[in-house]
Amino acid sequence: MSGSSAVRVVVAKPGLDGHDRGVKVVVRALRDAGVEVIYTGLRQTPEMVVSAALEEDADAIGLSVLSGAHMTIFNRVMELLAENDARDITVFGGGIIPEADIPELEAMGVAKVFTPGTPTAEISEWVRDNVRPIHAGTGG
């Protein structure tokens, strides 16, 4: 059973931003840390991200937002998770997000926001310490 206990994270680049170098570095770091990562790619809608997370039985969703639309995107993802009775999926993210917006994102249920320059080891450690396999032991 220990082989199926890896944390599963759907990582996405929602919105119109086309810069994905940073998120690919984070994806690789998470994989190197033993996290099962499903990277959905660029220009995802919140609906596409949540649908992927539900299909993949993800334990968490990681969003990379550089476009300035973080408040709208994170809010919509949280709404969709609630509508799908999937509030147990941890949501975290990063990108160009002003420090002043972080408390509001946390208030809407975002578990963690990483700002530019955060070491990938810190992100991997946070995921390892804060995301638990939701479906562990369910035989899925």
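User: Which helix does E55 lie in?

Analyst: E55 lies in helix α2, residues 46-55. Helices are DSSP runs of H or I with at least four residues, strands are runs of E with at least two, and both are numbered from the N terminus. A word on the source: this is a predicted model, where local features need pLDDT of at least 70 and side-chain atom pairs count only at pLDDT 80 or more, while totals for chains, interfaces and linings use all residues. Residues are numbered from 1 along each chain as its sequence is written, and side-chain values use heavy atoms, with hydrogens and water left out.

User: Why does E55 count as exposed?

Analyst: Its relative accessibility is 65%. Exposed means over 50% relative accessible area, buried means under 20%, and partly exposed lies in between (1.4 Å probe, protein chains only). So E55 counts as exposed.

User: What makes β1 largely enclosed by the rest of the structure?

Analyst: Four of the five residues of β1 are buried, so the strand is largely enclosed.

User: How do you know that β1 and β2 pair?

Analyst: Two strands pair if DSSP finds at least two bridges between them. Four bridges join β1 (residues 8-12) to β2 (residues 36-39). These strands run parallel. V9 stands opposite V37 in β2, and R8 stands opposite E36 in β2.

User: What volume does the largest pocket have, and what makes a pocket?

Analyst: The volume is about 450 Å³. On a 1 Å grid over the protein atoms alone, a pocket is an open set of points with protein on both sides within 12 Å along at least five of seven lines; in a cavity, a 1.4 Å probe fits but cannot get out. Grid points are joined across faces, edges and corners, and the volume is the space filled by probe spheres set on the points.

User: Which residues line the largest pocket closest to its centre?

Analyst: Of 25 lining residues, the closest to the centre are G22, V26, S64, G94 and G95. Lining residues have an atom within 4 Å of a point. The largest share, five residues, comes from α1.

User: Why is the pair of F92 and F114 called edge-to-face?

Analyst: Rings of Phe, Tyr and Trp (its six-membered ring) pair if their centres lie within 6.5 Å; planes under 30 degrees apart count as stacked, over 60 as edge-to-face and the rest as tilted. The centres of F92 and F114 are 6.4 Å apart, with 90 degrees between the planes.

User: Why is the pair of F92 and W126 called tilted?

Analyst: The ring centres of F92 and W126 are 5.4 Å apart and their planes stand at 55 degrees, so the pair is tilted. F92 lies in strand β4 and W126 in helix α5, so the pair ties together parts 34 residues apart in sequence. F92, F114 and W126 form one aromatic cluster.

User: How do you know that F92 and F114 are buried?

Analyst: Relative accessible area is 4% for F92 and 6% for F114. Both therefore count as buried.
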